[in-house]
Amino acid sequence: MRILGLDVGDKTIGIAVSDELFFTAQGVEVIRRTNLQKDFARMAELVEQYNVDTFVIGLPKNMDGSIGDRGLLVKKFSEDLSEAIAGKKIVFWDERLSTVAAQKSLIAADVSRAKRKQVIDKMAAVFILQGYLDSRR
């Protein structure tokens, strides 16, 4: 079994997956959102492909720790995901600054601005999932 990490946005969903021993997170892809049915169909394929039993979903919080409008949208998405792909555990992970950390990491690796835009959501999903995996140890 593996864990799938999600960075849910309005236009994209960054996807990362754990290794089978739950040590590391690897970026998988960025889903360009069209509609929930297609988004969930692709995630169901990934669940099957990677033998996933848990979703770790980045929950955007305000800097004071409260959950704002964006966080409520992610929670609604998670409820819909739970209905579409039943029987999987959903864990929320505080994603504050995960995109900032991903951006800094890509800049440090001298990745071009155009390339960063293509992979930033996948990298944010990696940071979200890796944070969760590290907390389990």
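Visitor: What is the order of the strands in the open sheet?

Guide: This is a predicted model, in which local features need pLDDT of at least 70 and side-chain atom pairs count only at pLDDT 80 or more, while totals for chains, interfaces and linings use all residues. Residues are numbered from 1 along each chain as its sequence is written, and side-chain values use heavy atoms, with hydrogens and water left out. Strands (E, at least two residues) and helices (H or I, at least four) are DSSP runs, numbered from the N terminus. Two strands pair if DSSP finds at least two bridges between them. Here, five strands form an open sheet in the order β3-β2-β1-β4-β5, with mixed pairing. Since β3 (25–32) and β5 stand at the edges with a single partner strand each, one side of each is left without a neighbour in the sheet.

Visitor: How many bridges join β1 to β2?

Guide: Five bridges join strand β1 (residues 2–8) to β2, and the two run antiparallel. Asp7 stands opposite Gly14 in β2.

Visitor: Which strands does helix α1 lie across?

Guide: Axes are lines fitted to C-alpha atoms, for helices over the stretch in contact (heavy atoms within 4.5 Å). Angles run from 0 to 180 degrees between N-to-C directions. Helix α1 lies across β1, β2, β3 and β4 (52–59), at about 155 degrees to β3. Helix α2 also packs on the sheet, where it touches β1, β2, β4 and β5, and its direction makes about 165 degrees with that of β4.

Visitor: How many aromatic pairs does a search of the whole structure find?

Guide: A pair of aromatic rings is described by the distance of the centres and the angle of the planes. Rings of Phe, Tyr and Trp (its six-membered ring) pair if their centres lie within 6.5 Å; planes under 30 degrees apart count as stacked, over 60 as edge-to-face and the rest as tilted. The search finds two pairs. Phe40 and Phe77 form a tilted one, at 5.3 Å centre to centre and 55 degrees between the planes. Phe40 lies in helix α1 (residues 36–50) and Phe77 in helix α2 (residues 69–84), so this pair ties together parts 37 residues apart in sequence.

Visitor: Is Phe40 buried or exposed?

Guide: Buried means under 20% relative accessible area, exposed over 50%, and partly exposed in between (1.4 Å probe, protein chains only). Phe40 is buried at 8%, and Phe77 is buried at 5%. In the other pair, the ring centres of Trp93 and Tyr132 are 5.9 Å apart with planes at 80 degrees, so the pair is edge-to-face.
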